[in-house]
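User: I would like to learn how to read packing, helix faces and sheet order from a model. Could we work through one together?

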Amino acid sequence: MATDSSTAELGAELTDLATACGVATTFTDWQGRATTVPASTVTAVLTAMGLDVSSREAVRDALHEVKQRPWRRVLPPVVVAREGRLHPVPVHVAHGDPVDVTVELEDDQGWAPLRQLDRWVDPVRIDGRLTGRATFELPDDLPLGWHVLTARTPDGVTRCPVVVTPDVLELPTTLRTGRSWGYQAQLYSVRSSRSWGVGDLADLAELAAVAAGQGAGWVLVNPLAAAQPVAPMEPSPYLPTTRRFVNPVYLRVEDVHEVAYLSPGDRALVERFADQVRPADHDSSEIDRDAAWAAKRQALEVVYAHGRTLSREAAFRRYVADEDPGLTGFATWCALAERFGLPAADWPAAAADPEAARASGLVEELADRIEFHRWLQWQCDEQLRTAQDAATAPGTGPGIVHDLAVGVHPDGADVWSLGDALAHGVTVGAPPDAFNQQGQDWSQPPWRPDQLAEVAYAPFRDMVRTILRHAGGLRIDHVIGLFRLWWIPQDAAPSAGTYVRYDHDALIGILALEAQRAGAVLVGEDLGTVEPWVRDYLADRGILGSAVLWFEYDGERPKAPEAYRELALASVTVHDLPPTAGYLAQEHVALRDRLGLLTRPVAEERAQDAAEQERILGLVRDRGLLAEGADEQATVEALHRYLALSPSLMVGVSLVDAVGDRRTQNQPGTSDEYPNWRMPLTGPDGKVVLLDDLADDVRAQSLARAVDEALRS
């Protein structure tokens, strides 16, 4: 196939095939320019979707097959509808054959026949047989849930899932009566005197209690998803090995129920492991996850070996039944990683995939380690429930709001266990924009939209359902990825990618259904390059957007706070920027200069940054919220009071701003050049701030009072 970027080289049939598969052959870049995607990119992306496009004849055959694919099946692989709306369903049968279609409701709630519409579609010859299409209609009074569609024809019975999703996601009760503020925190960085070198789920429960005492209604934490079970553990919470299950490094060992029944000797052994890493809680240098996990793993193995009572064993088995088969798949990958190390690409053929591991006897051989990793997830589940119970006990807000990363590690558990649901040979990223003019490659394999539909979105549903088991909300990082994602061929530059479309109605609908059942709020991180209609769509579905003070502009002018969206989580800063104290001091400019990331002279960068800051600060002064010459703390509080003038339903306060921290958690565009995701919580003096002292921290109390009063005024 030709590889230059001209429209002619793409060819009509390749363009048609790409369009049929949701692959963009043209797009509008960040400067508003129409751009044609190179043929090499289009062919690489289609290949990653399992299509043979190695020749023009192969492209022609693939296009023919894609067009005929719906006609080869009686029912679609899944039907996703919106509550209160009629929804057509195509049904394919031998031309002239009768067909009866019914919907069986979830949990044996009954069944209902579907009405056939008077809609003629010319039959199509498929494999020598004339096939017709009958169109039926789902009634508009179906209840929310996962139902089953059944078609009976002379050839037999066919079924497919029917998902009825909320037309508009209901807000949690605590957010219907007024606005709410909460802390945004990187949990690993928030440590107490009882932590094991890393902030944990017991610390999360305590942080939620402190926040509630200051008037907050929720705590938003970084993704808690699992990393590798062997060193080195990936520090980025946004590059997990799976998005569904939890990193057991966040467990508080002493809070495991069975610890209470350990022998004195075993209890002393657990305490010795704790003593190895607990001094790190007072150290302001980089967090050492590997040391923390090594100590916790050994202690947890001691507790696990103690066994469980009959009632506890029954509870464990119920948890496993609820989360299988995904739980066992993840636990098996963990056991294999312990046995063979990482990367998984070096594993023997006997461990290459779940089926091979079962057939080779490895699953049976590693049964106890698999059970241990299932048990770890049960403990995470129990401690998450405890944290959410503590967070919601005051009744002031949704409690714990989790964060969902865009994707997973390319060498992780999901890639191993989910098969073709994830694409191979491509990664996810972002096209060039004003902030990253080379584009971004996030090194994560994307969902395959066709395969997600084939498995009725079950992996996506199970992931969301598991995260929301003990949560009051979910923030979806890069929510625009549920509409379209930037796919980059392996080894290509980020700029050499293209957009791939997803069925956003299905994905957003399933998200909304699982959130409504959990009583949770959804927040979409919709920053960056967003198609104009997407934000309106999200609002129409009841999903909040994101507003960051420094980025909220109307053309060349910063937005007035009153112009912010009501359905939004508004904040002064985010984790990809320095804490506000550091931002005001231009520490981000100094850091990027040290790392060689600037594209213009540092003096010019500082001047531009100062001008952008002054645009905002001038508006804050105009509102009488900030005096000339105000110090750093007063400026941080004024910015938050200004933000509180917006109508945004949720207002986020970064915990680093509350204590005067200055160090950046994450510097985009770096990996080893900067210790991303390793900075513990510190004060303006650079000394560690422990959770024990947060409730009495004068600076934190002052900012909390400022925000709370502003929202109530």
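Analyst: Let us begin with the contacts of one residue in this predicted model. Leaving aside its neighbours within four places in sequence, Trp-375 is in contact with Val-256, Leu-300, Val-303, Tyr-304, Arg-308 and Phe-316.

User: Which residues touch the most other members of the largest nonpolar core?

Analyst: In soluble globular proteins, nonpolar side chains tend to be buried together. Here the largest nonpolar core has 110 residues, and those touching the most other members are Trp-181, Tyr-183, Trp-196, Leu-300, Trp-375 and Leu-655. Helix H13 contributes the largest share of this core, namely nine residues. Another core, of 95 residues, lies apart from it and includes Val-23, Val-59, Val-162 and Leu-169.

User: How should I read a helix such as H9, and which of its residues are buried?

Analyst: One can start with length: at 1.5 Å a residue, the 14 residues of helix H9 (residues 310–323) should span 20 Å, and the distance of 20 Å between its end C-alpha atoms agrees with this. The buried residues of H9 are Arg-312, Phe-316, Tyr-319, Val-320 and Glu-323. Because these buried residues fall within an arc of 100° when seen down the axis of H9, they line one face of the helix. They pack against helix H10 (326–340), helix H13 (367–392) and helix H16 (458–467), whereas the face turned away from the buried side carries the exposed residues Leu-310, Ser-311, Arg-318, Ala-321 and Asp-322.

User: What covers the buried residues of H18?

Analyst: In helix H18 (residues 532–540), the buried residues are Val-534, Tyr-537 and Leu-538. Seen down the axis of H18, they fall within an arc of 95°, so they line one face of the helix. Their cover includes strand E3 and helix H17 (504–518), while the face turned away from the buried side carries the exposed residues Pro-532, Asp-536 and Asp-540. After H18 comes Gly-542, whose phi is positive, near 85°.

User: In what order do the five strands of the open sheet run, and which stand at the edges?

Analyst: The order is E3-E11-E10-E5-E6, with mixed pairing. Strand E3 (79–82) and strand E6 (111–113) stand at the edges with a single partner strand each, so one side of each is left without a neighbour in the sheet. From one strand to the next, the twist averages 30°. Within this sheet, strand E5 (residues 100–104) and strand E10 (residues 145–153) pair in the antiparallel sense over five bridges, and Val-103 has Leu-149 in E10 as its bridge partner.

Technical notes:
Residues are numbered from 1 along each chain as its sequence is written. This is a predicted model: local features need pLDDT of at least 70, side-chain atom pairs count only at pLDDT 80 or more; totals for chains, interfaces and linings use all residues. Side-chain values use heavy atoms; hydrogens and water are left out. Helices (H or I, at least four residues) and strands (E, at least two) are DSSP runs, numbered from the N terminus. The expected span of a helix is 1.5 Å times one less than its number of residues. Buried means under 20% relative accessible area, exposed over 50%, partly exposed in between (1.4 Å probe, protein chains only). The arc is that of the directions from the helix axis to the C-beta atoms. Contact means heavy atoms within 4.5 Å. Two strands pair if DSSP finds at least two bridges between them. Axes are lines fitted to C-alpha atoms, for helices over the stretch in contact, and angles run from 0 to 180 degrees between N-to-C directions. A nonpolar core is a set of buried Ala, Val, Leu, Ile, Met, Phe, Trp, Tyr and Cys residues joined through side-chain atoms within 4.5 Å.
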